[in-house]
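I opened this entry to keep track of what I looked up. The notes follow the order in which I checked things.

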Amino acid sequence: MRNDTFSTYHPVINFTYFILVAGLSMFVMHPVFLGISMTSGFAYYVYLKGKKALRTMICFFVPIFLLSSIVNPLFNHKGMTLLFYLKSGNPITLESILYGLAAGVMIVSVLAWCSCYQCVMTSDKFIYLFGKLIPALSLLLAMVLRFVPKFSAQIHKVSDAQKCIGRDVSNGKLPARLKKGMKILSIMVTWALENSVETADSMKARGYGLRGRTQFSVYRFDSRDKMMFAGMAAAGIFLAVILIFKKIFVYYYPILVLNEHTALAHLAYCVYGLFCFLPLAVNIVEDIKWHYLKSKI
Amino acid sequence: MALFEIKNLTFRYPETKFDALNDINLVIEKGEFVVILGKSGCGKSTLIRHLKSTLVPYGKRNGQILYLGQELGEVSARVQAGEIGYVMQSPDNQIVTDKVWHELAFGLENMGYEKKRIRLRVAEMANYFGIQNWFSKNVEELSGGQKQLLNLASIMAMQPKVLILDEPTSQLDPIAAGEFLATIKKINTELGTTIVIVEHRLEEVFPMADKVLALENGKQLCVGTPREVGKKLAGHDLFHAMPSPVKIYNGTGQTGECPLTVRQGRTWLDTYFEPEKEERTKKEDRGRLFKKKQGPFAVEAKEVWFRYDKNLPDVVKDLSMQVRRGELYCMLGGNGTGKTTTLSLLAGLKRAYRGKIFLCEKDIRKIKDKEKFWHFLGMLPQNPQTLFVGNTLEEDLWEMKEGLPFVGKEEFLKRMRMVVEDTEIAHLLKMHPYDLSGGEGQRAALAKVLLLEPEILLLDEPTKGLDGFYKQKLAAIFDRLKSRGVTILMVSHDVEFCASYADTCALFFDGNIVAAEKTKEFFAGNSFYTTAASRMARHLFPEAVTVKDVIETCRKNRRQE
């Protein structure tokens with residue numbers, strides 16, 4: 001993953017941002033909004049992952065988009081503008097095609113934003129956030145995240161060791177393989193229990209269970225985070241008001257109706273655009289800053 | 001006032017007939033470095049677990065343990081958690097959380113310190129232990145040595161008065177172990193922290209100690225300074241574990257003051273012995289380059305290359321080697337040089353992309369799996385525990401039968417009895433394989449492999465974590481196997497073991513074998529990569545490699561006064 005400046009903000013910022021963006025992309029079906037969140041989502045994903053993102057987009061996003069935009073008109077026959085009839089006698093309408101396209105864009109952009117979320121919100125940020133709410137849960141999550149890779153590494157070791165004595169789990173007939181697999185699984189349970197005794201000892205030895213446990217974290221909500229939070233909150237409230245008072249709206253059925261081109265609507269498009277391109281903008285500003293700094297060094 | 005005072009401590013596990021600890025008396029002063037030694041299962045761990053209330057095993061206990069003059073049981077849990085630090089054997093199992101920084105903070109969080117204070121302490125520790133570069137990493141990305149250092153650091157972050165360590169280096173390679181022990185020494189001298197350590201690597205730890213306690217079957221054999229204990233233990237079973245200078249000192253009749261380190265040993269030798277007069281074997285004959293040997297070879301590799309992925313660097317590069325039938329061949333070398341990979345290539349678990357491997361003069365690619373693992377090849381992985389899948393050792397051994405459907409039950413039983421006798425595990429058959437100690441587990445795993453009646457045995461660090469006594473047992477088993485014509489090829493870090501028992505030693509470096517020679521010539525020619533005995537005596541007796549050699553040569557060359 002690329003060095004992403006947005007990820008360096010406080011987890012609260014990262015998390016609220018993604019919730020807002022994903023929510024808005026999911027529930028606002030306005031074509032301009034959809035266009036903005038799709039392009040920005042894709043752009044940020046490509047920024048984060050480079051070539052890999054392009055591959056995911058072609059292999060997953062395109063088929064999903066096609067599927068949803070084809071399936072909707074085939075099964076949904078609402079809408080006024082009749083284009084033609086299918087062999088089965090079902091009508092295909094312009095509105096259902098448009099809605100299918102919009103839904104396709106919506107799904108794909110939500111997916112893109114979720115992929116970005118995965119890159120930015122690493123496990124420790126997530127644990128930090130939810131540990132604030134439920135302290136015991138955060139330690140539990142941290143321990144699970146420690147245990148899972150350890151467990152799977154040990155399974156690999158055991159099955160490799162079985163190969164040393166000619167007991168390869170990966171070949172042979174299915175029943176025999178199943179039997180071997182079960183044996184390994186059962187010894188793994190023993191292994192996990194056995195080792196957890198020592199982990200428990202180590203926890204006790206370091207005073208786990210004493211009263212008044214505190215939480216340590218490496219994050220600090222600094223002035224940069226405060227500014228960002230204020231900006232995000234302002235944009236969020238503005239958009240919420242606009243949407244609630246229907247300054248922006250869209251109806252696909254029975255016929256496509258959009259809001260008028262008022263100044264306020266244009267302002268809302270701009271604000272949403274800024275909001276969606278925020279992580280990229282933050283990165284670009286940082287890049288420019290570095291370029292400038294470099295010329296000074 | 002003494003930090004710890006153990007008075008007449010006797011302890012018995014429930015439902016056992018013998019005392020695990022019997023009348024132990026020990027005083028540990030503030031700032032002392034105490035080493036506890038003894039064979040596996042002699043009660044060392046049981047003893048040090050008594051020094052921390054939360055870890056005291058369940059059972060019947062008599063006697064008294066005082067911590068700073070107060071009964072340990074009455075010292076509050078909070079004080080004990082902070083002041084008595086405890087580091088265990090397994091680097092992996094002690095780690096609780098998934099991030100290095102979180103692990104460092106874990107104990108402090110439990111103590112209820114506020115964020116600012118934790119931040120400072122964590123920063124201090126990261127600096128002292130040189131952890132800052134991997135501070136934000138996931139723990140699973142760390143090496144074993146780094147993990148154990150992290151465990152130590154996260155305990156030191158609580159600023160304990162005493163640090164108790166239970167075989168902390170048994171799962172580390174020698175270099176990581178050396179670094180770890182050096183850090184312990186540093187903590188002791190720089191911070192004045194009291195150290196109580198149970199350790200097999202006496203070569204390093206013995207000279208550091210102020211006080212040594214030797215245990216045998218739960219009884220106190222002797223206590224005293226390393227020199228005193230070294231003298232007293234002469235002739236005892238435990239003596240095999242002593243550092244080479246002490247062994248040599250005792251073997252030559254205890255003249256003068258006992259040397260503990262190689263440096264002291266050199267001066268000591270200079271004072272009492274003269275250089276060997278006999279002509280040395282001509283150095284030119286001892287070619288350091290790889291020499292062609294005569295067959296028949298059990299294992300032969302010709303210009304083998306291997307890498308894990310097309311885009312990754314080569315792990316094994318142009319490797320050629322020949323192992324004669326019936327010999328014990330040791331591959332020595334640092335970590336990550338490709339030794340273990342080489343073993344799996346030789347076992348046919350991985351395939352080389354260039355070059356050829358022959359086992360008993362058959363191309364490895366033409367040997368079918370079925371033929372390979374019966375009467376032919378056996379391999380012991382580095383961690384013997386990974387080989388076990390049964391609930392008892394006996395069940396585990398029977399499990400091997402399933403892979404050998406063509407062997408009759410009677411025949412298998414006969415075979416099993418023989419193997420069990422060979423590896424001396426008869427008394428362990430009813431135990432769960434995970435309850436075996438390091439040395440026992442190693443032998444049990446070996447037994448499992450031997451049921452395949454291999455002619456070629458490949459071993460990956462079989463002496464890792466074993467004490468001197470178990471190493472001897474293992475060597476005896478190897479001898480028996482060799483006399484039956486089994487070829488043993490082992491990868492090892494254990495210079496002392498290889499020097500004493502191998503027929504041929506090879507130095508593995510950067511993906512291939514740099515030198516392979518008869519053991520004696522191999523070690524006599526090296527200056528760093530050689531035994532402690534050779535390092536100590538090489539300026540006087542260049543041919544002597546093992547402790548035994550040095551003692552014998554010493555006897556002949558005593559200075560006449």
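I began with the domain assignment of chain A, which gives domain 1 as 6–121 + 225–296 and domain 2 as 142–204. I noted that the model is a predicted one. I then looked up the distance between the centres of domain 1 and domain 2 of chain A, taken over C-alpha atoms, and found 44 Å.

Next I turned to helix H9 of chain A, residues 263–276. H9(A) has 14 residues and reaches 20 Å from its first C-alpha to its last, close to the 20 Å expected at 1.5 Å a residue. I asked which residues of H9(A) are buried. I found Ala268(A), Tyr272(A), Phe275(A) and Cys276(A). Seen down the axis of H9(A), these buried residues fall within an arc of 90°, so they line one face of the helix. I recalled that an α-helix has 3.6 residues a turn, so residues three or four places apart point the same way. On the face of H9(A) turned away from the buried side I listed the exposed residues Ala263(A), His266(A) and Cys270(A). I also checked what covers the buried residues of H9(A), and the cover includes H1 (11–27), H2 (31–49), H8 (223–244) and H10 (278–296) of chain A.

Last, I looked at where the chains meet. I found 40 residues of chain A in contact with 54 residues of chain B. On the chain A side, the elements giving two or more residues are helices H5 (123–133), H6 (135–164) and H7 (174–205). H7(A) supplies the largest share, 13 residues. I sorted the residues on this side into 16 nonpolar, 10 polar and 14 charged.

Conventions. Residues numbered from 1 in each chain as written. Chains lettered and ligands numbered in written order. Predicted model: local features only at pLDDT ≥ 70, side-chain atom pairs only at ≥ 80, totals over all residues. Contact = placed C-beta atoms within 7 Å. Helix = DSSP H or I, 4+ residues; strand = E, 2+ residues; numbered from the N terminus. Nonpolar A, V, L, I, M, F, W, Y, C, P; charged D, E, K, R; others polar. Domains from an automatic or database assignment. Expected span 1.5 Å × (residues − 1). Buried ≥ 20, exposed ≤ 12 C-beta atoms within 10 Å, placed from the backbone. Arc of directions from axis to C-beta.
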